[in-house]
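Let's work through a few exercises together, with the model open beside you.

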Amino acid sequence: EAIAACREALRLGLREPRRSALRQLLAQRLTDAQRFDELVALHEEDTTRRPDEAEAWRRLGAAQLFLREDAGAALPALEAAARLRPDDAEVFVLLGVCLNALGRHPEALRLDAGALSLRPAAEAVLQAARRGERWP
């Protein structure tokens, strides 16, 4: 099984950038197999290993929000991503979707407007996120 092979290869102590590429492959395989709890655990490990990397926090938040459907758990991860990458419209759209799911609509609307001001092309991202689809 591909998941077991990825995990075994990671145990061998590969160096970067191969280690990161293998972790991304493992994440994709876990997603394909709908093993979302393991995927979230993998992303949690990434945030522990690289706490200053916004992308790790974004992946964790997105997995919690869309795959586990747990906006409460996603919020701290997405807030961390936003602090680390304050100019990333995609992170702010995700944060807006999360706040909306938590019933915090005024905050969500402010974030959506802020995301659009950062990147006008974020409109397509915002509309896809509202429909629960992957964005372009």
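**Exercise 1. Find what share of the contacts between residues at least 6 apart in sequence join residues at least 24 apart.**

Solution. Count a contact when heavy atoms lie within 4.5 Å. Among contacts between residues at least 6 apart in sequence, 37% join residues at least 24 apart.

Before going on, note that this is a predicted model, where local features need pLDDT of at least 70, side-chain atom pairs count only at pLDDT 80 or more, and totals for chains, interfaces and linings use all residues. Residues are numbered from 1 along each chain as its sequence is written, and side-chain values use heavy atoms, leaving out hydrogens and water.

**Exercise 2. Check the span of helix α5 and list its buried residues.**

Solution. Helices are DSSP runs of H or I, at least four residues, numbered from the N terminus.
- Step 1: buried means under 20% relative accessible area with a 1.4 Å probe, protein chains only. In α5, A71, A74, L75, A77, L78, A80, A81 and A82 are buried.
- Step 2: their cover includes α4 (54-67) and α6 (89-101).

**Exercise 3. Which residues does W57 touch, beyond four places away in sequence?**

Solution. W57 touches T47, R50, P51, A77, A80, A81 and L84.

Methods. Helix = DSSP H or I, 4+ residues; strand = E, 2+ residues; numbered from the N terminus. Expected span 1.5 Å × (residues − 1). Buried < 20%, exposed > 50% of the residue type's maximum accessible area, 1.4 Å probe, protein only.
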